[in-house]
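Here is a briefing on one protein chain. Please look over the model below before reading the points that follow.

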Amino acid sequence: IFNLAIAYHLQGLQEKDAKDITISMVRALKLYELSFNLQREQQLDNNILFTLAIVSNLGVLHQQLQDQDSSTKCFEHVLSTLMYLTDCGEASKRYLDGFFVNVTKIVSEPCAAPAA
């Protein structure tokens with residue numbers, strides 16, 4: 001299911017027509033969500049990198065589909081997990097670099113609203 005989600009995601013990135021892009025991205029989104037839910041519900045091996053990949057890709061897709069709230073939630077989850085893994089020394093930096101790149105957008109956004 002995860003591999004099919006990646007295939008639709010890549011197809012959406014190659015499409016030229018906006019409607020075809022949206023269709024592929026929505027299919028990928030649903031398949032990533034299904035992968036995530038199946039992993040949790042079936043108590044499959046809890047592979048943290050696999051989970052990070054799913055949630056990160058969900059964040060990217062939500063962003064591409066103009067759903068900034070869902071995108072931010074996904075990236076916040078990824079960032080929180082990355083901070084935990086880094087603090088505990090549980091993961092190699094080389095495996096986490098790509099995830100850090102995806103979450104830099106939420107880290108670099110201003111936290112305060114502009115003055116009135």
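Which residues does Tyr32 touch, not counting residues up to four places away in sequence? They are Phe2, Ala5, Ile6, His9, Ile54, Asn57, Leu58 and Leu61. The model is predicted. The protein chain has 5 helices and 0 strands.

**Fold and surface**

- From the N terminus on, the elements of the protein chain run α-α-α-α-α.
- The protein chain has 116 residues, and buried residues make up 32% of them.
- Take the contacts between residues at least 6 apart in sequence: 54% of these join residues at least 24 apart.

**Confidence**

- The mean pLDDT of the protein chain is 83. A value of 70 or more is reached by 82% of its residues.
- Among the elements, helix 1 has the highest mean pLDDT, at 93. Helix 5 has the lowest, at 74.
- Over residues 110-116 the pLDDT is below 50.
- Where pLDDT is low, the predicted coordinates should not be read in detail.

**Nonpolar core**

- The largest nonpolar core has 24 residues. Those with the most contacts inside it are Tyr32, Leu52, Val78, Leu82 and Phe99.
- Helix 1, helix 2 (18-41), helix 3, helix 4 (68-88) and helix 5 (93-108) each supply at least two residues of this core.
- Helix 3 provides the largest share of this core, with 7 residues.

**Aromatic pairs**

- The count comes to 2 aromatic pairs.
- Phe2 and Phe50 form an aromatic pair with 4.8 Å centre to centre and 65° between the planes. The pair is edge-to-face because the angle is over 60 degrees.
- Phe2 lies in helix 1 (residues 2-14) and Phe50 in helix 3 (residues 48-64), so the pair ties together parts that are 48 residues apart in sequence.
- Phe2 counts as buried, at 17% relative accessibility. Phe50 counts as partly exposed, at 26%.
- Ring pairs link Phe2, Tyr32 and Phe50 into a cluster.

**Helix 2**

- Helix 2 has 24 residues, which should span 34 Å at 1.5 Å a residue. Its end C-alpha atoms are 34 Å apart, which agrees.
- The buried residues of helix 2 are Ser24, Met25, Ala28, Leu29, Leu31, Tyr32, Ser35, Phe36 and Gln39.
- An α-helix has 3.6 residues a turn, so residues three or four places apart point the same way.
- Against what do the buried residues of helix 2 pack? They pack against helix 1 and helix 3.

**Two serines**

- Ser24 is found in helix 2. Its relative accessibility is 2%, so Ser24 counts as buried under the 20% cut-off.
- Leaving aside neighbours within four places in sequence, Ser24 is in contact with Tyr8, Gln11, Gly12 and Glu15.
- Ser24 and Leu13 are 11 residues apart along the chain. Their C-alpha atoms are separated by 8.6 Å.
- Ser71 lies in helix 4. Ser71 counts as buried, at 2% relative accessibility.
- Not counting residues up to four places away in sequence, Ser71 touches Gly59, His62 and Gln63.

**Exposed sites**

- Is Lys73 buried or exposed? Lys73 is exposed, with a relative accessible area of 60%.
- Lys73 is found in helix 4. Lys73 and Leu58 are 15 residues apart in sequence. From C-alpha to C-alpha, they are 9.9 Å apart in space.
- Gln66 is found in the loop between helix 3 and helix 4. At 64% relative accessibility, Gln66 counts as exposed.
- The phi of Gln66 is positive, at about 65°, although Gln66 is not a glycine.

Methods. Residues are numbered from 1 along each chain as its sequence is written. This is a predicted model: local features need pLDDT of at least 70, side-chain atom pairs count only at pLDDT 80 or more; totals for chains, interfaces and linings use all residues. Side-chain values use heavy atoms; hydrogens and water are left out. Rings of Phe, Tyr and Trp (its six-membered ring) pair if their centres lie within 6.5 Å; planes under 30 degrees apart count as stacked, over 60 as edge-to-face and the rest as tilted. Helices (H or I, at least four residues) and strands (E, at least two) are DSSP runs, numbered from the N terminus. Buried means under 20% relative accessible area, exposed over 50%, partly exposed in between (1.4 Å probe, protein chains only). A nonpolar core is a set of buried Ala, Val, Leu, Ile, Met, Phe, Trp, Tyr and Cys residues joined through side-chain atoms within 4.5 Å. Contact means heavy atoms within 4.5 Å. pLDDT is the predictor's confidence in each residue, from 0 to 100. The expected span of a helix is 1.5 Å times one less than its number of residues.
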